[in-house]
Amino acid sequence: MTNKSSRTCAKTAANSMHIITLIRRFVPPYKGQMALNIFFNLLSTLLSLFSFAAIIPVLRILFGLTAAEVEWVDMNQVNGLQDTIAALRTDMYFLLNEQIILHGAGYVLLWLGVFLVFMTGLKCGAAWLANYFMVPIRTGVLRDLRQLLYDKILSLPMGYFTEARRGDVISRMTNDVGEVEASIMSALDILFKNPIMILIYLVTLLIISWQMTLFVLLLMPVAVFFIGRLGRTLKRASTKGQEQNAEILSSIDETLLGLRVVKGFNAQSKLQARFSALINATRDTYNRINRRYYLAHPLSEFLGTALIAIILWFGGMLILSDHSSIDASTFIYYMVIFYSIINPAKDLSRASYGIRRGMASLERIDAVLNTQSNIVEPANPQPVNFRKGIAFEHVHFAYQPEREVLTDINLTIPKGKTVALVGQSGSGKTTMTDLVPRFYDPTSGTISVDGTDVRNFATHDLRALMGIVCQEPILFNDTVYNNITFGVDTSQPAPNGLTWPQAVEQAARIANAHQFIADMPEGYQTVIGDRGSRLSGGQRQRLSIARAILKNPPILILDEATSALDTESERLVQEALEHLMSERTTLVVAHRLSTIKHADLICVLHEGQIVERGTHEDLYALGGYYTKLVDMQK
């Protein structure tokens, strides 16, 4: 029993720490609204006590108890809190008797009713103001959490996304944030209001009758024990449920991306069976979670009613035996206040369940927020001045420790020259291009710009030197104009004395994209759909080239920019690339070797090493790896 009690105390302490941590973490930016919320909650609770106080004289009039002789008490002769409260009560009864004698009981009842309505109106107004100042706290905290998560996703290195599933990341940004909003944020209001109400009501109950209140406090742990047992598994089950939601999103994402393959291989039934098993398992998990959650309200209501019944019996026995310090009307007032504790206590227990559910989601969010980037920004970044070139010196790289992708790479790319990387799939070509803008850092060795290790530059400054055109064009569900200007700051003046629309059109013409853009219904203001779905492959690629042209970077990285295009699109894109590469330092990854015949240097990679290097003519004459690659494409 001692171990079980210790575990229960430890879990209660842990829950309290969760609540304190949540408040300290999320609320400080909203201290002003929090202070006003607490003030009006306090005021609302005090006003409710005054509202309930009108019940006592009403009951005394109805029960005929005001006829007793009551003498006025001089407050100057009273000492101590208990005596002061008793004197105030006696003086109130004295004034009440006077008014009944002068105007009659009906008149007094009328004004007591007016007082009750007036105080209730003030109480409701204070409660509304408390909620009024809670709204910006709830919405602000959720906005801050979403912004933190989105900013963190943007700042994480590319290596994070090779390990994490995209569906899981999306789930954390949607389902988990939604769960935090539905549970923890909803609980914040209760956490700020209900403890104040419970504390004030308990103090009032102690003042009215400390004997009965002590009896109540002895019974409370029993109710708390049963309610606490119900919620202990919620956090664990909620974690499992959120992980299953992430699997569902991943499955949907994979299905949508691979729909052509799924249909082509008639694999619908296989995916349907897998998805059905997944959603049924998720349903079972949430059945368990929600059944426990919805048991909280009826269980707490049952236990509250049982407590009231016991207190009615105990208080009634005290009054009937003449051992009570309060009369029947005050006892009813006591019961009204005690009953007013039950709803806040039930809400507080429900908030505790919500926090348990929400903490599971918050921990999944924190797993992203607390991820440390292995791309470390220098404390004192050096200025970037690109004048000489880029150098790889004894570079090694591995995504996983047991398997190196690049081994002892040594390569110099002089400024203004074009260097092409060729080789079989998996030989490390794209990895080399990813190391230059510091999407990854080498496991060992250095990559330098003008002799300075790229790790000594701020990544923003380093990447500002570069324009990247990928095999799969990355476009956004926005206008043509906004996609082309994506990589530049349009709040600054456009280059060469042009306006930005003129500069965008000029870049599009160079990229052989202006004609098809002009043929669109709204020209440059046409929305191109998700990932540019309303465009052909060649059109998407030419837009991404126009974006790189507008940025006008001194260093250009082309990663198989024409490999997925038909012959006509390839010709147009190749012309655009030649314009783009003119007088720029270019690192090209190419599968179609015909596109890089005129490169200043061609490097052949095989199993992570540069095995041949030279011009097209020199390499072809060697009769080695490069010759085989060229002959296979004839």
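Modeller: Let us begin with a pair of residues in a sheet: S448 stands opposite D453, which belongs to strand β5. Please keep in mind throughout that this is a predicted model.

Biologist: In what sense do β4 and β5 pair, and over how many bridges?

Modeller: The general idea is that strands of a sheet pair through backbone hydrogen bonds, in either a parallel or an antiparallel way. In this case β4, which covers residues 444–449, pairs with β5 in the antiparallel sense, and the pairing runs over 2 bridges.

Biologist: In what order do the strands of the open sheet come?

Modeller: The open sheet has 4 strands, arranged in the order β2-β1-β4-β5 with antiparallel pairing. At the edges stand β2 (406–414) and β5 (452–453), and each has a single partner strand, so one side of each is left without a neighbour in the sheet.

Biologist: Is E560 buried or exposed?

Modeller: The idea is to compare the relative accessible area with a cut-off, and buried means under 20%. E560 has a relative accessibility of 8%, and therefore it counts as buried.

Biologist: Which residues is E560 in contact with, once its neighbours within four places in sequence are left aside?

Modeller: With those neighbours left aside, E560 is in contact with K429, T430, Q471, V589, A590 and H591. For T430, the separation from E560 is 130 residues in sequence, while the C-alpha to C-alpha distance is 8.9 Å in space. For the protein chain as a whole, among contacts with a separation of 6 or more, 77% are between residues 24 or more positions apart.

Biologist: Which residues form the nonpolar patch on the surface?

Modeller: The patch is formed by L42, L46, F50 and F115, which together have about 340 Å² of accessible area. Helix α2 (residues 31–53) gives the largest share of this patch, with 3 residues.

Key
Residues are numbered from 1 along each chain as its sequence is written. This is a predicted model: local features need pLDDT of at least 70, side-chain atom pairs count only at pLDDT 80 or more; totals for chains, interfaces and linings use all residues. Side-chain values use heavy atoms; hydrogens and water are left out. Buried means under 20% relative accessible area, exposed over 50%, partly exposed in between (1.4 Å probe, protein chains only). Contact means heavy atoms within 4.5 Å. Two strands pair if DSSP finds at least two bridges between them. Patches are made of residues with over 30% relative accessible area and no salt bridge: like charges are joined within 9 Å, nonpolar side chains (Val, Leu, Ile, Met, Phe, Trp, Tyr) within 5 Å. Accessible areas come from the Shrake-Rupley method with a 1.4 Å probe; for residues, only the protein chains shown count as cover. A salt bridge is a side-chain nitrogen of Lys or Arg within 4 Å of a carboxyl oxygen of Asp or Glu.
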